[in-house]
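Student: Could we go through this structure together, one question at a time?
Tutor: Gladly! Have a look at it, and then ask away.

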Amino acid sequence: MFDVIIVGGGPAGLFLACELRLAGARPLVLERRPEADPADKAHGLAGQAVRLLDHRGLFERCGGRGAPEPAPGFYFGGLPLPLHTLGEENPMYLLPVNQRDLERVLAERAAELGAEVRRGHEAFSISQTESRVEVVAREPEGTETTLAARYLVGCDGARSFVRKQAGIGFPGEHDEHVVDRSALVGPSAHVRPAPGGRLVIDGLGEIPTAFHRTDRGVFTLLAHDPERPLINTVEWEDRPAGDSPGPGAPMTLDEMADSVERVLGVRLPLSPPPEGAPTLLRRLCGRNFRLADHYRVGRVLLAGDAAHVSHGPTLNAALHDVANLAWKLAATLRDWAPADLLDSYERERRASGARVLLHTRAQAALLAPGSGVTALRQILGELLGRTENTRLVAALTAGADIRHDLGGERGGDLDGELGGNHGRDLGPDPDTEQPAALTGWFVPPVRLTTGDGRTRRLAELLRDARPLLLDLTGGDALAGVAEPWYDRVRHVTATAEHAPAPALLVRPDGYVAWAGDEPDGLKSVLTRWFSSD
């Protein structure tokens, strides 16, 4: 019997397999496709998810260089965010990696760690008892096999079979009038870069590089690879079905060019990318914004798009789901988890999923046609001229504005999680002068000098996905407290020029469980999250 069966071998499922193997668990991934999906989907990661990959040593393997650096600019609803004004408070990191390449890296890492991935195996029935979950799957040759595990996680996308079998509702909304079209194209002499990161388009003039909204739609051009720029259009179509291809009709470059012309008002000749390059021709009809009623029913759990979908950074959220879930599952499997540790997965990550839906809905509304929207954009653009507003919106889009409620009594509902727990503040608690405000936030980047004299980044100490007690006090009081937990918590002494706290207890998912220097406080938190047995 396996420890965990993962249904779905996309980024979420593969990353979960990696995290579980790092934690010593034995997962099995079932993926219905016989080969990796070659389609172009997401084209990058943004925000704290980039730092999460860095924590696991995957940032450079996905095309990053050195250490993640904050992005100088970004967009919210097509409005520019001047992130360069935030200095060290800038939470936005970017990693332009195609989902296909991310899956390849994660599959390679899963294989290195000894995770078993079975392709061409389609799950079609699940059942659970108090002690196990059984999955009936169809193998490539058509035979059926029954597999058992202590837990099952559905990472099988927005149409999740696991979610449906578990009877979990997926409420939300669908806008059937929006059509997104995307294509990877070849370089064009009709589009030229201009100073300030803008573009010059023949017949139109200068427009912003990333987003250009007109009263007919939205045009986007992203040139991470100048030889294969990605173009996208969004149109709010309310025309007879015969006036445009249906959802199942093949997408063509001519259709893409027609859409660009409708949005911009000028014809932009399009050509395929250089020979041999991946070509994306995709049409998405309608948009969904949905959040699962629950992330857990008994021994069945959901992560990634199976739990939440939106027209936004769902891949970023999926990676955080997985990092949050994996160590809690592993602790439960190893019988040292506190009684309600696994329940905290839904409480924490469903609140984050709701936050993602909130800002993606807002951004979709800001891109819609209409003079009222134009007026709203003008006012919001003026507000974003103030650094404090840019800071708040940047944290929202980067996934850096959710603080998990790790103190006080456990429990609480979704509204409680969202109420008052957003808006980042890393300063000291005014009553204790201790950096208690760090608790519950994603750990800030810190450069350290460890006991062996090496200068290292904090991310390098999180490669093994173990809880980390980073002790910067220079004494031994905390070591004496933590010693009974050394089988599950790594203790590292170090110094830091700009220490955010005397000591930090960092969970495997990168969130700070405790910050301070009081031994009694540390013991209480170690017991709460990592048990005293």
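Predicted model: local features only at pLDDT ≥ 70, side-chain atom pairs only at ≥ 80, totals over all residues.

Student: Which helix has the lowest confidence in the protein chain?
Tutor: For the protein chain, the mean pLDDT is 87, and 90% of the residues reach 70 or more. At the top end is strand β20 (residues 300-302), with 98.

Student: Are α1 and α6 roughly parallel or roughly antiparallel to each other?
Tutor: Helix α1 (residues 11-22) packs with helix α6 (residues 314-333) at about 30°, and their axes are 9 Å apart. Angles under 35 degrees count as roughly parallel. Therefore α1 and α6 are, to each other, roughly parallel.

Student: How many charged residues are in the contact of α1 with α6?
Tutor: The crossing of these two, α1 and α6, is right-handed. From α1 come P11, A12, F15, L16, E19 and L20, and they meet L315, A318, L319, V322, A323, A326 and L329 of α6. By class, there are twelve nonpolar residues and no polar ones, and the number of charged residues is one.

Student: And α6 with α7: roughly parallel or roughly antiparallel?
Tutor: The axes of α6 and α7 cross at roughly 175° and come within 10 Å. Among the residues that meet are H320 and D321 in α6 and Y345 and R349 in α7. This contact divides into four nonpolar, three polar and four charged residues. Since angles over 145 degrees count this way, α6 and α7 are therefore roughly antiparallel.

Student: At what angle do helix α7 and helix α8 pack?
Tutor: Here A365, L366 and L367 in α7 meet V373, L376, R377 and L380 in α8. That contact has six nonpolar, no polar and one charged residues. The axes of α7 (residues 343-367) and α8 (residues 371-383) are 8 Å apart, and the angle is about 115°.

Conventions. Residues numbered from 1 in each chain as written. Heavy atoms only, no water. Axes fitted to C-alpha atoms, helices over the stretch in contact; angles between N-to-C directions. Helix = DSSP H or I, 4+ residues; strand = E, 2+ residues; numbered from the N terminus. Parallel < 35°, antiparallel > 145°, perpendicular 65-115°, else oblique. Left-handed = near helix turned anticlockwise from the far one by under 90°. Contact = heavy atoms within 4.5 Å. Nonpolar A, V, L, I, M, F, W, Y, C, P; charged D, E, K, R; others polar. pLDDT = per-residue confidence, 0-100.
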